[in-house]
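Please read the following note with the sequence and the structure at hand.

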Amino acid sequence: MFFELPDWKNIGKPAVPIKDVVVDSSLKNNRKSESLANEIKTSLVKDNIISEKKKSSTTVKLPPPIKPTKVIKASHEAKTKTSKAQQRLSGSRFRFLNQKLYQSTSKDAMKYFKENPEDFVHYHNGFQEQTKAWPQNPLNFFIDLLLEGNEYISSGDLLDIADIGCGEGMLARKLSEGSSPHRVHSFDLVSLHPHITSANMTSLPLPSESVDLAIFSLSLMNVDHSKALQEAFRILRPGGRLWIAEVSSRLGDHTIKSFNEMLKGEGFELQKVIDDNRVFFMVLLHKNAKLKRHARGGGEILQACLYKKR
Ligand code: SAH
């Protein structure tokens, strides 16, 4: 699979001039400032902004002494520049990983994050940042539906739920905090918490017809996402529910109606569309109880959702 590399030109190059983080000789008598400068350098090394070699060479080369006030100012400026550089780097890293998830097959996505689990943490830190700017978090919509009795879930129901592409597994956590009776099986490429099982959504470690509700909250990301819908069809009991939340712009020239047509081709009957903001939409469906296998396969109509550089 070919992945396009975005603006990674800064990686490997120092984002701040090395001189800004040099521990100068006046710091020799100022342990606090020295440890601050070393802290900055350690974090620069950690984020690959400077190399380990550069770090040690900067410690050895000491410029002439300057007055303490100037040193404090220089350290502060260096720290500000450093955190800005770190923000830029983690922003571009998030965009890169997001693009990878949207433009690769589920198999390639699994392979990449298995080999680079630390990138999964980066991805989710970036994802959490993004959610802060959203008008509504679709996951909360689903959580509220499950916690409150309503026309979709009657309060006496005890459901086996598969949260597929669960991220940090918030659905399971919130339901358990809300003393919900439901049992949640949480799956994602990498397990960030003990209650999450690492699995590819195209082959889940669940028996056929074993769950009542399958949820894909913003997780039908890969180019072969119809395979994940087929897997949901397999694990759902006849008449079981399928809830999907997606980014509206992923429909491109399609409409929610054509999305639902595609889902019908996968064996799911529409129950309700929730489309009250322009950013996300949610669809609630049922597995067609009469079908033994998905009808004809609906194909993939969702496009990649790529973030622009801010
Ligand atoms: N459902 C959560 C997280 C959404 S982010 C929420 O609404 O907050 C999308 C998640 O889908 C990511 O954690 C990503 O790793 C997961 N994902 C993408 N492709 C996957 C695959 N093939 N198998 C399992 N999880 C996948």
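1. Lys-227 and Asp-224 form a salt bridge, with the closest N and O atoms 3.5 Å apart; the term denotes a side-chain nitrogen of Lys or Arg within 4 Å of a carboxyl oxygen of Asp or Glu. Lys-227 is partly exposed, at a relative accessible area of 44%, whereas Asp-224 is buried, at 9%. Here buried means under 20% relative accessible area, exposed over 50%, and partly exposed in between, with a 1.4 Å probe and protein chains only. Salt bridges with shared partners also join Asp-160, Arg-183, Asp-212 and Arg-237 into one network.

2. The model is predicted: local features need pLDDT of at least 70 and side-chain atom pairs count only at pLDDT 80 or more, while totals for chains, interfaces and linings use all residues. Residues are numbered from 1 along each chain as its sequence is written, and side-chain values use heavy atoms, with hydrogens and water left out.

3. The structure holds 10 salt bridges. One of them pairs Lys-132 with Glu-129, the closest N and O atoms being 2.6 Å apart. Lys-132 is exposed, with a relative accessible area of 64%, and Glu-129 is partly exposed at 48%.

4. Which parts does the salt bridge between Asp-157 and Arg-241 tie together? Its closest N and O atoms are 3.7 Å apart. Asp-157 lies in the loop between helix 6 and strand 1 (160–164) and Arg-241 lies in strand 5, so the pair ties together parts that are 84 residues apart in sequence. Helices (H or I, at least four residues) and strands (E, at least two) are DSSP runs, numbered from the N terminus. Asp-157 is partly exposed, with a relative accessible area of 23%, while Arg-241 is buried, with 15%.

5. The largest nonpolar core has 39 residues, of which Phe-142, Leu-146, Leu-171 and Trp-243 touch the most other members. Such a core is a set of buried Ala, Val, Leu, Ile, Met, Phe, Trp, Tyr and Cys residues joined through side-chain atoms within 4.5 Å. Among the elements that give two or more residues to this core are helix 3 (68–103), helix 6 (138–147) and strand 5 (236–247). Helix 6 gives the most, with six residues. Another core, of 30 residues, lies apart from this one and includes Leu-229, Ala-232, Phe-233 and Met-262.

6. In helix 9 (residues 256–265), the residues Ile-256, Phe-259, Asn-260, Met-262, Leu-263 and Gly-265 are buried. The buried residues of helix 9 pack against helix 8 (225–235), strand 5, strand 6 (268–274) and strand 7, where contact means heavy atoms within 4.5 Å. Just after helix 9, Gly-267 takes a positive phi of about 100 degrees.

7. The ligand is surrounded by 19 residues, and the closest are His-124, Gly-165, Asp-188, Ser-217 and Asn-222; a residue is included if one of its heavy atoms lies within 4 Å. An oxygen atom of the ligand lies 2.7 Å from a polar side-chain atom of His-124. A polar backbone atom of Gly-165 is 2.8 Å from a nitrogen atom of the ligand. In the side chain of Asn-200, an N or O atom is 3.0 Å from a nitrogen atom of the ligand. The protein covers 98% of the 570 Å² of accessible area that the ligand has on its own, as computed by the Shrake-Rupley method with a 1.4 Å probe.

Terms used
A polar contact is a pair of N or O atoms within 3.5 Å; within protein, one must be able to donate a hydrogen and the other to accept it, and residues adjacent in sequence count only if both atoms are side-chain atoms.
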